[in-house]
Amino acid sequence: MSELIVGIDDTDMPDTPGTNRLALHLVRTLGSEGDGDGSYEGRLILRHQLLSDPRVPCTKSNGCASIRLRSREGGGGAIESLAGRIRALMGAWCPTGSDPGLCVCPAFAVSESVRAFGVRCQRELVSQGEARALAEEQGIHLEGLGGDQGGVIGALAAIGLASTGDDGRVIHLASARDGDEDFEPGGLLTVAQVYARGVTEICPVVAQATHPRQDDFIDVGKRLRPNLRSGRVVLFVEPAPPGESQSAWRAVRLP
């Protein structure tokens, strides 16, 4: 089996499902349960925060998503085959007026220059030309799928950021042991339940805080949204204010 990373940015329109929902739709459709042939397994979806700046056109916040897929097809043809399938799915999903972009790359082939590009996109304005030139130089599949094709920037950035293993909010995790891979619903969960959903570490953001016990409750909000840090799925928490919650802890949502 080989692993591929897919980067998408659909630059959604107001009152439409965003890039996270699109990523989940792609995983469900391409996965073994979706198409029945077992060609792809969705291993991980991450939401990455890019530069928040009024000069960057976006609906709510400037985010993109990466999808790590495990492929049984192998070979260079898998890239074009997968890109074609995703192109069709995104074409049917993305609303008129959006500017979607798609990037597909073998996980082992992401270079330091692509990772650096992803980090730059979190700190400064970059152009479509820069994204396209870098993808061509690195032999990475990158294409715009509509509108002004501005989503190519976020799509390539998602590839670079995902490959660092140290960025992003986890939206889907195949290793979740209770089958709730998309971390829904949220609400009050015990520490044991959080670990059962694939979280590998619970980390207080307050240095002097004690660590949660197995039977402590954590208010994770509407959905459980841990982060990827140093290749580990980490849920950051803080002590819940006395009297404001039934839990001892509440999740802290980080980019």
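**Figure 1. Overview of the protein chain in the predicted model.** Residues 24 or more positions apart account for 71% of the contacts (heavy atoms within 4.5 Å) in the protein chain that have a separation of 6 or more. The protein chain holds seven helices and twelve strands, where helices (H or I, at least four residues) and strands (E, at least two) are DSSP runs numbered from the N terminus. Of its 255 residues, 49% count as buried; buried means under 20% relative accessible area and exposed over 50%, with partly exposed in between, for a 1.4 Å probe and protein chains only. Residues are numbered from 1 along each chain as its sequence is written, and side-chain values use heavy atoms, with hydrogens and water left out.

Figure 2. Within helix H5, which spans residues 128-138, the residues Ala131, Leu134 and Ala135 are buried. They lie on the same side of H5 because they cover an arc of only 100 degrees around the axis, the arc being that of the directions from the helix axis to the C-beta atoms. An α-helix has 3.6 residues a turn, so residues three or four places apart point the same way. The exposed residues Glu136 and Glu137 are carried on the face of H5 turned away from its buried side. The buried residues of H5 pack against helix H4 (112-121), strand S5 (141-144) and helix H6 (151-164). After H5 comes Gly139, whose phi is positive, near 70 degrees.

**Figure 3. The crossing of helices H4 and H5.** The axes of H4 and H5 come within 11 Å and cross at roughly 165 degrees, with axes taken as lines fitted to C-alpha atoms over the stretch in contact and angles running from 0 to 180 degrees between N-to-C directions. That angle makes H4 roughly antiparallel to H5, a term used for angles over 145 degrees. From H4, Ser113, Val114, Phe117 and Arg120 meet Glu130, Ala131, Leu134 and Gln138 of H5.

Figure 4. Thr190 is found in strand S7, residues 188-190, and counts as buried because its relative accessibility is 16%. Leaving aside residues up to four places away in sequence, Thr190 touches Gln214, Asp216 and Phe217.

How values were computed
Predicted model: local features only at pLDDT ≥ 70, side-chain atom pairs only at ≥ 80, totals over all residues. Parallel < 35°, antiparallel > 145°, perpendicular 65-115°, else oblique.
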